Amino acid sequence: MWPAPLLLLAAGLFDTDVMPIFRAKCISCHSAKTRSGGLALETAEDALRGGKSGGAIVAGKPSDSLLLSMVAAGKMPMGGARLSEPEITAIRTWIEQEDRKSPIGERDVTAILGAKCWVCHGRREKMGGLDLRTHESMVRGGKSGPAVVAGKPDESLLVKRIAAQEMPPPKLQEQYSVRGLTDDELAKVRQWIADGAKPDFEKPLEVTVASDPAIRAKDREFWAFRTPVRPDVPAGVNAVDALSGKLAPAANDLTLMRRAYFDLTGLPPKPEEVSSFERDGDPKRYEKLLDRLLASRRYGERWAQHWLDAVGYSDSEGGNSGDQNRPHAWRYRDYVIRAFHSNKPYDKFLTEQLAGDELFDYGSVKRLTPEQLEVLAATGFWRTAPDATYSTEQNFIPERMDVIAGQLEVLGSAVMGLSVGCARCHDHKYDPIPTRDYYRLVSVLTPAFDPYHWLPPVYPCGGVGAKCDEKSTRYVLPRATAEWEEATAFNTPIELRVKELQEQIEEKARPYREKKGNKDAKLADLAAEFEAFKKEKTGLDEQIQKERTKLKALPLVRALFDLGPEPPPTRILLRGDATTPGALVGPGAPSILSAPSRDYRVEPLAHSSGRRLALAKWMIHPEHPLTARVMVNRIWQHHFGTGIVSTAGNFGRMGAAPMNQKLLDWLAVEFVRSGWDVKAMHRLIMTSAVYRQQSGANGFPLRRIDAECIRDAILQIAGRLEEKPFGPADKFKAQPDGEVVTESLRRSVFVSHRRTQPLSLLETFDQPFMNPNCVRRGTSVVSSQALHLMNSDLTRENARYMAGRIVDAVGDDATAQIERAYLLAFARRPSVDETKAALGALERMNAEWEKPLEKERPAEPVRSRAKWLALSTLCHALINSAEFLYID
Amino acid sequence: MPTRRDFFSRMSDGLMGTALASLFAQNLHANDGLYDLTPKKPHHAPRAKAVIQLFMNGGPSQVDLFDHKPALTKYAGQAPSRDLAAEVRAVRETGGLMPSPYKFARYGQSGIELSEMLPHLAKVADEISVVKSMYTTHLAHEAALFLMHGGRILPTRPSLGAWVTFGLGSENQNLPAYVVLDDPKGPPINFIQNWQAGWLPAVYQGTRVRSEGSPILNLQAKQEYPSGIVDLSRSLLHRMDTAHRDRHPGNAELEARIANYELAARMQMEATDALDIEKESAATKLAYGLNDERTASYGKRCLMARRLVERGVRLVQVYIEQQIWDNHNKIRAGLEYACGKTDRPAAALVRDLKERGLLDSTLVVWGGEFGRLPIAQDPGPNAGRDHGPSGFSIWMAGGGIKGGTTYGATDEIGYRAAENRVSVHDFHATVLHLLGMDHRKLVFEREGRNERITDEFPARVLGEIIS
């Protein structure tokens, strides 16, 4: 309790002189209920505690008090008349005489206890029967009695145990990534108890879209925040053409064919496909080609890559140089490929990713079907951000909040077309996204991303990082599936054998422990001390290692799901700092993108909070101003190199204005009307005259194929591309010179994408570093690209394969070889001049290769070897050429 | 149409495209946002033209090397304060306060106090300035390295080297502007992220140069074609590419590609020469310790750094084998190894630069991402020290630094920077200042924000140690 005289004195001045002013001028926005900016001004404590910008006043220091400077400058009351001089003087006098420190509230204490105690005394565990989450539960206490005795810190068990450094238990601190309390933190806990351990009776900020003081009416008028309206287009004309300007002449058919192949499948056409397309006399042969390509598996693989870029897919955790692998991430990758291949409607695609786990009560399903597993794997969308929390040193509240921030950045830039990250620390400077709305989004995720009960990325995790048991894993363990049963049946004998070997080590250790006189001596210490034991242990360790490599990976689904009822409260964190909690918020979506008729609204589910499902429903509402625009813009971008809005991840004020808003809006409205049909969008765009223009400064933009296309195309023209889809990512290896290569011959989307070890070829050609995601790739022109294509084994080897397959296909005739090489690399036949030049080059190369071979006298015939090598060098030049690397 | 700015933002890795960018500057007439490596005018008269950063990744123990704390002997074995205890990483292994086993003495005319573990540095004591009050804000290597390099504890930001080359360009267009010499025995934590350009154009990214084998990936083929074939295929490619370019008039990117292939050949020569330490005298090699197995590897890289700076390279970072300063246990053996490997070459570099008249224009910086705690980790004969972010030491020399000075101090036990505290942002501002740049003015516009290496953090230039 406050010491009575002090309370009276200060309250007196506030009550008599200041409260009337606040009531008259401020309370309409700053009542305990309205709390604009998180600030209430009903009591002196309210002012001391402040809002989102920190304390409104600093006791005794008028010059440091934000409230005073705002009213003195006339910035407050917002939109109202400036306070009179006597009023300002009254406030200044009150602040000068006020000598209470900013009170320690329950929120300050729970910020400390949350980070340091809740992992064992919170939402999922109540060790010793103790729950330290609320005032009430602290007073109730656990088996040892109440944790808190109001007004008596020294009698409060909470203080006693912490002060004695018994809690948090030093032995567990590392494992659970908590630290002891600092002097300052302990002092705060004491102070709060001494002051009566008063609860905060705080309600989450209420946000009403219809009258949201944080957003001006003018803000809502910005084009990107208004629902798109379909512009009128004459009937019978492709709308893309109707809404576009002057065009360059149409590209020739083969150019267009190659363009369509790369755009839809990421691969060049094969010579046979070129020939049959040429032979097809149907005037609709181009449309037929599009249908074939859209139906191809290669289409799903290609367009999945674009989406995987946007969400920041990676096969490693990142955030830390350990860059732990994500061995199960591929299920999400496969989900995305299947979704594109099957043309899953985009609204359904989004819903499954945002809230697949909330679509059905997966916990009560006895035997999950493959389709149900897919829907759970879709939530891997929320598991893409760099995540260092597998390291005990980087698994504290701030790092956990970083992971959530990474996911929100992905959601913002890939799905919403807005950068929400700025609002983590301050109200967005350019877009009307208040900090409040960032934390409302955090609150949408909190039932699943609980910063106080964090699920480690690794399973099983061997005791590292947070809680580490089946109850605390971020994987869904689909026990009752054929895949699981098969894997466990296979693994059981191996695991038994491993256990046996481990027991043998213990057995061997016993005499040494006796010798040392310490029966708990660590194995590593024994090995360091006794050479003989080290030898025995190493031998057995190797056997264990060998056994373990035989283990089949369990079909774990890397997912996001609610961790049960009672999600922790979400508070605005002042300046993004978890140690300075501000106002309480509930789940919600950015007000600027909402409207009263389609506001974010949670319908609680029996098995889950429903917060993410509500987000998905809000997101896919047909009138949502951005969801459809962002996706059609992405589709456009991957057809033309640049989106209609060139800043694909930012449609806000700092983003680029749309180059053709009517076109964007027409496409967006059409997209929704078509039932969010992605393939229909491709057809619409690709059959337009705009897409069919020839390339050039005022036509179709010439552009380089991207990193994965380069590798995949090289493998295809070398006749080596393996078409096997899906499954765990193929391994890479780092060579001694630092080059990262893979033996895999599958498409690049199936090769492990490790953040810190990208394949050198892909990295050189601008494969993005996922941190957290990439909504638009850059295209650099760097000398390392020339060096790589000229000098790497990869290109040289594949050029030899290419030459070999050409000879297999057409025999020894050089002219036919050259034609085939051109068809493979450029999807066209060479001109007469080109053939002539290539023939000359081949002949001279042939002569140059014969010289060393004459000396070397290899086993195979010199002539034919020289010819093959000459053709290889020609193929190598084609792989280096601009025509191969660019889409015309 | 891509704008000219788009075009240059996409140019090059600091090897060749740089020369290219200047080549095209004449053809594309606009004058905004030219992202290349041509020399740029600094904000004010620079004291240093180049920087060699001897990065001591792992966190060297300040109380055993630079920061003499006799009080530790007095308090030996005592339990740490609650605040210190709350900052310990490996709680279970925590011991009491642990004095340094090494003797300290004063060296040079200036009388700088150094530990006996740095006998060679002691001989150039009058050239260096030791900052004893550095602090950082995270106790994990990753985060602390991100802060030290990019100014925030998060990845994705440009490194100091990228900022410097963005601000100043390079004096040599045929070599990378920003060179990273990592240790063949293992890269630092965060690896390539330590020298990334982040959202600065890729042209400012550090180029990793190996001190053994092919210095740059694929600089040469593993097995080169016969020379006649090399010529023939080059000219065939050139013919095809020029014909392709002619079919796409005015496309600068295609032009750049062609030039890249020509320039790649020139680079093979220049880079090979710059890194050829066999051209150095026997005396120089001896001074860097190339004759001694312990110092040979690090000495070689220090010598390469000098050769590169001599040729106009703007910033060279020399990293050290993995985590050899990360002495969680057996700190005596660990420091013996780390100092044995680096002390002599680092001191030789300072002296060599001085003798060649390069020290005045070359800033040498020695330091890691944090220091170590004054308490024992895993107490006993194998004791070490855990990460200590709250107070640590670095030294700087040349390039306008006042030699023979120390700055700042930690508390009585060497735990927390107490006097004249120096943040990582202060350090960045100081390096930029010596190079003639104001950290507030070196900005890159990104998504409507003016980004700076010091971000919105307060930062001050350490005027007290500038001559």
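Predicted model: local features only at pLDDT ≥ 70, side-chain atom pairs only at ≥ 80, totals over all residues.
Trainee: Which residues does Val364(B) touch, not counting residues up to four places away in sequence?

Mentor: Val364(B) is among the residues of the largest core that touch the most other members. Once residues up to four places away in sequence are set aside, the residues that Val364(B) touches are Ile52(B), Leu54(B), Leu349(B), Val350(B), Met396(B), Ala397(B) and Gly398(B).

Trainee: Which helix supplies the largest share of the side of chain B that touches chain A?

Mentor: In this contact, 62 residues of chain B meet 57 residues of chain A. On the chain B side, helix 5 (82-85), helix 7 (141-150), helix 9 (227-247) and helix 10 (252-274) each supply at least two residues. The largest share, ten residues, belongs to helix 9 of chain B.

Trainee: Why do the buried residues of helix 12 of chain A line one face of the helix?

Mentor: The buried residues of helix 12 (residues 271-279) of chain A are Pro271(A), Val274(A) and Phe277(A), whereas Glu272(A), Ser276(A) and Arg279(A) are exposed on the other side. The buried residues line one face because, seen down the axis of helix 12 of chain A, they fall within an arc of 125°.

Conventions. Residues numbered from 1 in each chain as written. Chains lettered and ligands numbered in written order. Core = buried A, V, L, I, M, F, W, Y, C linked by C-beta atoms within 7 Å. Buried ≥ 20, exposed ≤ 12 C-beta atoms within 10 Å, placed from the backbone. Contact = placed C-beta atoms within 7 Å. Helix = DSSP H or I, 4+ residues; strand = E, 2+ residues; numbered from the N terminus. Arc of directions from axis to C-beta.
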